[in-house]
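Dear colleague,

I am passing on the structure below, and my notes on it follow.

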Amino acid sequence: MAGMLYLVPTPIGNLGDISIRCRQTLESADFIAAEDTRVTLKLLNHLGIKKSLVSYYEHNKAFKGNVILDRILAGETCALVSDAGSPAISDPGEELVKLCAENGITVCAIPGPCAVITALSISGQTTGRFCFEGFLSTAKKSRREHLEALIGETRTMVFYEAPHKLLNTLEDMAAVFGNDRPISLCRELTKLHEEVVRTTLGEAVTKYTENPPKGEFVLVVAGAPAQEKVSFTADDAAKRVAQLMAEGISRKDAVKQTAKELDLPKNVVYDAALTVE
Ligand code: SAM
């Protein structure tokens, strides 16, 4: 019988955040697949767990994924961890989950530390609807294209960013979304120097130009203000139909065009058009 794949989240800074269930899963798995075995070894030593480790990271995942799959198919249970946080979220793991799912392997995700959720909840921004945008490209052109595609996005947007790229990213965001757009910069979450700076894009550019950023960041950017929808009335429809008919357009076509232009139901416009001589 095939084994299973467990996704085991690990602390994003505070070792106390490892849960009892994560610990038990690491203890009971046949082997652990880790992004960086040295990082995971430190955690295992802290927890007093001895376990066989297999490296699984960005540049060996195509080959190692199949090795791990074969072991699971042969009946072993694998616990997948990344360096920090939830595996498969902007981390190697996404491909392994796909591979296991495609091969009928049960995948079990244990809930736990995740930088995007920790940042969103502490951000002070609207949390009801959000989109996670992961890392932006390091290349200026594709970074700008990614941001430009988000111009009309009204949901709160969450980005991961490395400190050495932060200023460029903030400058691009300010150019695309405007200086006044609110942003919460969530830094070093769950660590000694945890900090949340709630400000605007323009002010963030000034702040980090003067004080180069350090540590790990999640950026939580407010969505674009929702466009106020203009609602038209039957009177507006009657006026527009009259105008179009005066231009020589038939009543039928004027109704059709007005309904489209004013985003009103055709029967409402048709009734309104009956008042037009
Ligand atoms: N899978 C992990 C998760 O979802 O928690 C994220 C892994 S991703 C490779 C690493 C990025 O997560 C960092 O560049 C940073 O943007 C964010 N991050 C991780 N730990 C953080 C922390 N303690 N404080 C702020 N951001 C953090």
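Predicted model: local features only at pLDDT ≥ 70, side-chain atom pairs only at ≥ 80, totals over all residues.

Residues are numbered from 1 along each chain as its sequence is written, and side-chain values use heavy atoms, with hydrogens and water left out.

R187 counts as buried because its relative accessibility is 16%, where buried means under 20% relative accessible area, exposed means over 50%, and partly exposed lies in between (1.4 Å probe, protein chains only). Leaving aside neighbours within four places in sequence, R187 is in contact (heavy atoms within 4.5 Å) with H193, E194, E195, K214, G215, E216 and F217.

Another buried residue is S86, with a relative accessible area of 15%, and S86 sits in the loop between β4 (78-81) and α4 (94-102). Not counting residues up to four places away in sequence, S86 touches P9, D91, G112, P113 and C114.

Turning to helix packing, the axes of helix α6 (residues 140-148) and helix α7 (residues 163-177) come within 10 Å and cross at roughly 40°; axes here are lines fitted to C-alpha atoms, for helices over the stretch in contact, and angles run from 0 to 180 degrees between N-to-C directions. That angle makes α6 oblique to α7, given that angles under 35 degrees count as roughly parallel, over 145 as roughly antiparallel, 65 to 115 as roughly perpendicular and the rest as oblique. On the α6 side K140, R143, R144, L147 and E148 take part, and they meet N168, T169, D172, M173, A175, V176 and F177 in α7. The residues of this contact divide into 5 nonpolar, 2 polar and 5 charged, with Ala, Val, Leu, Ile, Met, Phe, Trp, Tyr, Cys and Pro counted as nonpolar, Asp, Glu, Lys and Arg as charged, and the others, Gly among them, as polar.

Salt bridges come next. With a salt bridge taken as a side-chain nitrogen of Lys or Arg within 4 Å of a carboxyl oxygen of Asp or Glu, the count comes to 15 salt bridges. One of them joins R144 and D172, whose side chains meet at 3.2 Å, N to O; this pair links distant parts of the chain, with R144 in helix α6 and D172 in helix α7, 28 residues apart. D172 is buried at 2% relative accessibility, whereas R144 counts as partly exposed at 26%. R144 also forms a salt bridge with E148, the closest N and O atoms being 3.8 Å apart, and these two residues, 4 residues apart in helix α6, are separated by about one helical turn. Salt bridges that share partners join K140, R143, R144, E148 and D172 into one network.

A further salt bridge pairs the side chains of E58 and K61 (3.1 Å, N to O). E58 is partly exposed, with a relative accessible area of 44%, and K61 is likewise partly exposed, at 21%.
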